[in-house]
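This briefing is for a reader meeting the structure for the first time. Please look over the sequence and the model before reading the points that follow.

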Amino acid sequence: MIVVTGATGNIGRALAGRLRGHDALAVVRRPADDLGIPYKLADFDRPETIGELLSPGDRLFLNSGIWPGFIDAHRAVIDLAAKAGVAQIVSVSVRDAAPGAKLGMGLHGVVDAHLRKSGVPWAILQPSGFMQTLPRDFKGGTMYGSYGPAPVNYIDTRDIADVAATLLTSPVGPDRDHLLTGPESLSHEGIAAEIGRALGRPARYVNLSVPEMAAHLERQGIPQEFAGELAELQARTGDGGWAATTTVVKDVTGRPPRTWPTFLADHTDAFMP
Ligand SMILES: NC(=O)c1ccc[n+]([C@@H]2O[C@H](COP(=O)([O-])OP(=O)(O)OC[C@H]3O[C@@H](n4cnc5c(N)ncnc54)[C@H](OP(=O)(O)O)[C@@H]3O)[C@@H](O)[C@H]2O)c1
């Protein structure tokens with residue numbers, strides 16, 4: 001059986017759709033009848049509820065949002081999967097994840113390290129930023145950020161789901177990190193121009209210095225320490241370090257990743273105020 005955690009999220013919902021017709025189970029916190037596969041209730045905050053759903057030979061898709069208990073919960077589920085004899089874990093991490101790195105990259109770095117030495121065969125998906133976060137960022141037609149002028153890569157989460165579906169429905173492959181990117185990297189001004197073209201109305205990106213962006217995030221209600229780190233992180237991913245693209249989506253699925261115009265055509269409503 002293929003067990004899908006985070007099944008109501010961006011990636012999980014698309015993955016569940018791809019697994020229709022397979023022996024698959026969605027793990028959800030609340031009833032979810034619209035996923036296309038059966039579900040059972042469980043919660044990362046009580047890892048044993050997920051462990052109870054795992055049997056020898058299962059394949060596990062490991063993903064959730066991030067919260068303060070993320071590291072402990074994910075490590076515990078990995079340990080329970082090892083104990084249950086799970087045949088492979090396909091997990092979602094992030095590009096440049098490393099123990100000690102800032103914010104989510106640091107949390108994922110610790111969990112990735114735990115998975116690599118768990119004894120369970122693994123595939124770690126390391127995507128760049130999600131196109132699906134852009135409708136929220138361009139709320140009201142304007143996005144503020146401290147990325148600067150360099151190109152930054154974004155990927156459509158449906159491509160991450162396609163990679164996961166291919167890995168989970170093929171014979172277990174070698175342990176591997178998969179650096180997943182969209183097909184092209186654009187500056188945030190370039191992204192705003194693409195959005196404006198697709199929506200037929202103006203969209204603009206306003207670049208702020210790191211301290212200005214931190215103050216902006218604080219005004220949005222983000223606690224001070226995270227606001228500063230997030231603004232710094234944007235400046236770091238915008239220094240060209242997240243510009244390179246890979247061919248991994250096509251190598252794994254046989255199909256190139258979705259382009260900005262495709263993503264925008266499919267998500268026009270999400271950008272509406
Ligand atoms: N956003 C980005 O640009 C970006 C870039 C690279 C990597 N990532 C990584 O991608 C992952 C998020 O993927 P996503 O966007 O597909 O997720 P998402 O849309 O944020 O959804 C999170 C999913 O996790 C579930 N979840 C959260 N806490 C849980 C808990 N305690 N127990 C059980 N389920 C729980 C949620 O369930 P409910 O519906 O019940 O809340 C939901 O299904 C994160 O690890 C993030 O670091 C994000």
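**Ala-235 and its surroundings**

Apart from residues up to four places away in sequence, Ala-235 touches Ser-146, Tyr-147 and Val-210. The structure is a predicted model.

- Ala-235 belongs to helix 9, which covers residues 224-241.
- With a relative accessible area of 25%, Ala-235 is partly exposed.
- Between Ala-235 and Val-210 the C-alpha to C-alpha distance is 7.0 Å, while in sequence the two residues are 25 residues apart.

**The ligand and its shell**

- The ligand is surrounded by 25 residues. The closest of these are Thr-8, Ile-11, Arg-29, Phe-44 and His-108.
- By residue type, the shell around the ligand consists of 9 nonpolar, 12 polar and 4 charged residues.
- Helix 1 (10-18) contributes at least two residues to this shell, and strand 7 (129-130) also contributes at least two.
- The side chain of Thr-8 has an N or O atom 2.5 Å from an oxygen atom of the ligand.

**Salt bridges**

- Side chains of opposite charge can pair when their charged atoms come close.
- Across the whole structure, 13 salt bridges are found.

*Arg-75 and Asp-72*

- Arg-75 and Asp-72 form a salt bridge in which the closest N and O atoms are 3.3 Å apart.
- Both residues lie in helix 3 (residues 70-84), and because they are 3 residues apart there, about one helical turn separates them.
- Arg-75 is partly exposed at 29% relative accessible area, whereas Asp-72 is exposed at 54%.

*Asp-266 and Arg-158*

- A salt bridge joins Asp-266 to Arg-158, with 2.9 Å between the closest N and O atoms. Asp-266 is in helix 11 (residues 260-266) and Arg-158 in helix 6 (residues 157-169), so this pair ties together parts that lie 108 residues apart in sequence.
- Asp-266 has a relative accessibility of 47% and counts as partly exposed.

*Glu-194 and Arg-197*

- Glu-194 and Arg-197 meet through their side chains in a salt bridge, with an N to O distance of 3.5 Å.
- Helix 7 (residues 188-199) holds both Glu-194 and Arg-197, which are 3 residues apart, about one turn of the helix.
- Arg-197 is exposed because its value of 60% is over 50%.

**His-267**

- Where is His-267 found? His-267 is in the segment after helix 11.
- Its relative accessibility is 18%, so His-267 counts as buried.
- Once neighbours within four places in sequence are set aside, His-267 is in contact with Gln-132 and Arg-158. Arg-158 is also the salt-bridge partner of Asp-266.

**Positive phi values**

- Asp-96 has a phi near 65°, a positive value in a residue other than glycine.
- Asp-96 sits in the loop between strand 5 (88-92) and helix 4 (103-116), and with a relative accessible area of 49% Asp-96 is partly exposed.
- For Leu-103, phi is near 50°, which is again a positive value in a residue other than glycine.
- Leu-103 lies in helix 4, and at 23% relative accessibility Leu-103 counts as partly exposed.

Terms used:
Residues numbered from 1 in each chain as written. Predicted model: local features only at pLDDT ≥ 70, side-chain atom pairs only at ≥ 80, totals over all residues. Heavy atoms only, no water. Near = heavy atom within 4 Å. Polar contact = N/O pair within 3.5 Å; in protein donor to acceptor, adjacent residues only side chain to side chain. Helix = DSSP H or I, 4+ residues; strand = E, 2+ residues; numbered from the N terminus. Nonpolar A, V, L, I, M, F, W, Y, C, P; charged D, E, K, R; others polar. Salt bridge = Lys/Arg side-chain N within 4 Å of Asp/Glu carboxyl O. Buried < 20%, exposed > 50% of the residue type's maximum accessible area, 1.4 Å probe, protein only. Contact = heavy atoms within 4.5 Å.
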